[in-house]
Amino acid sequence: MSDLHPDTAAVHAGRLEIPSNRASSPPLFQASSYEFADLENVEEIYSGRVSGKIYGRYGGPNGAQLELAVAELEGAEAAAGAAAGMAAIDACLATTLDGAGEIVATGEAYGGTFALLENDYRKRGFDVHYVDQCDLGAVRAALERHRPKALYIEALTNPLMHVADLPALCALAHEAGATAVVDATFATPVLVRPLEHGADLVVHSLGKYIGGHGDVGAGVLAGKREPVERARAYLARRGATIPHFEAWLSLRGLRTLALRMARHSSNAAAVAAFLAREPSVERVHHPSRSDHPQHDLAARLYRRGTGGIVAFDLRDGAPAVRRFLKGHLQTIAIVHSLGEVATTISYPTLSSHRMLPAETRRALGVGEGTIRISVGIEDPGDITRDLVRAFAGLRERVRA
Ligand code: PLP
């Protein structure tokens, strides 16, 4: 290429060398297009006879590697990366409904899912019915009454950590001819593998525990090959496939997921035990606690830990919450996401549940005094010492 004009050389100089021996860690393929050797090669790759990549939006090597890893961890035939957890949820529901049908969904669905169901699905004419997923009789009745195409479940709910009875719920869905879709973002495949319990599709927001470091915006879904491929095509048509760097970061997170989930779970159990001893706390919500409504179910389904989210209710409601979160915490920041290595705290009334009317929040068990902690992987003593400071601050103001 030495005879090229500098203008041309600047465009073509330095051809990419792909080493013949594999890199020991995943290289990042930040490429949106790929070269074909000739038109036969175009045909081979488009038809799938030869593996190859075509164009970024259809998926790149980093997305494919992450999908393979998630599929293996979930025990799934296939997985598809998405631009966000919400894109993965939408792809599952839209391709399951295929233009018509009803949805029965948990009344404790993540706020973004609720917004999607209300603003998009209901407005487009789909009937959406909410049910208490912990009340199997109510779920059975809703399925029999509405005969939906999809039952939408969350494995562990936000913020009270209600535990879905996955084997029973998936069996009920199938008896009614519905596809069981499970959001297992709070659980991750390290703690529970919904497909083993009968789910048809499992979804995750990768920006939570799987990414793990508060720097990913992406999602993934997994299940049998045919529905996953339909969801993948839906995502590709909408430009909602997983970006290369997000896939790369998510895979990097996945490598330490098992270690982190063990620590998140044991730290959360320690924080829950600490909170249960605190006089200004009325109630603690974590499946490790014997007074949690699904403690026994969690012990059966979650043998490797019961997750990193702890909620608690302060006795004196909103005024107490304001005092508690008024600058006493040193390492625990107010953050509305979760699943990061650092412990973070949020007030559902003003964050995840703010779009719900107060009476709906109360009916769900999320009160004005409810605080959520996403317990990180720090030393557990340091986490509780920080909380001690906030409780001391709370009492100080009460006395003043
Ligand atoms: N599912 C759950 C349980 C979540 O907590 C979230 C986000 O917080 C989502 C889905 C949506 O994920 P994303 O923000 O990646 O779209």
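**Ligand surroundings, ring pairs and local backbone features**

A polar side-chain atom of S205 is placed 2.8 Å from an oxygen atom of the ligand. The protein covers 86% of the 390 Å² of accessible area that the ligand has on its own, with areas taken from the Shrake-Rupley method with a 1.4 Å probe and, for residues, only the protein chains shown counting as cover. The model is predicted: local features need pLDDT of at least 70 and side-chain atom pairs count only at pLDDT 80 or more, while totals for chains, interfaces and linings use all residues. Residues are numbered from 1 along each chain as its sequence is written, and side-chain values use heavy atoms, with hydrogens and water left out.

The residues around the ligand include M86, I89, Y110, F186 and K208, each having a heavy atom within 4 Å of it.

The protein has 15 helices and 12 strands, which are DSSP runs numbered from the N terminus (helices H or I, at least four residues; strands E, at least two). Buried residues make up 51% of the 400 residues, where buried means under 20% relative accessible area, exposed over 50% and partly exposed in between (1.4 Å probe, protein chains only). Along its principal axes the C-alpha trace spans about 85 × 55 × 35 Å.

The count of aromatic pairs comes to 9. Rings of Phe, Tyr and Trp (its six-membered ring) pair if their centres lie within 6.5 Å; planes under 30 degrees apart count as stacked, over 60 as edge-to-face and the rest as tilted. The pair of F312 and F391 is tilted, because the ring centres are 6.2 Å apart and the planes stand at 50°. F312 belongs to strand β9 (residues 309–314) and F391 to helix α15 (residues 380–399), so this pair ties together parts that are 79 residues apart in sequence. Both F312 and F391 are buried.

The charged end of R238 is 3.7 Å from the centre of the Y234 ring, and R124 lies over the face of Y121 at 5.2 Å from the ring centre.

A cis peptide bond, with omega about 0°, joins N158 and P159; P159 is in the loop between β4 (150–154) and α7 (166–175). M161 is in the loop between β4 and α7 and has a positive phi of about 60° although it is not a glycine. With 0% relative accessibility, M161 counts as buried.

T241, in the loop between α9 (225–237) and α10 (244–254), is buried at 13% relative accessibility. A polar atom of the T241 side chain lies 2.6 Å from the backbone oxygen of R57. D132, in the loop between β3 (127–131) and α6 (136–146), is partly exposed at 43% relative accessibility. A polar atom of the D132 side chain lies 2.9 Å from the backbone nitrogen of C134.

Notes
Lys NZ or Arg CZ within 6 Å of the ring centre and 35° of its normal. Polar contact = N/O pair within 3.5 Å; in protein donor to acceptor, adjacent residues only side chain to side chain.
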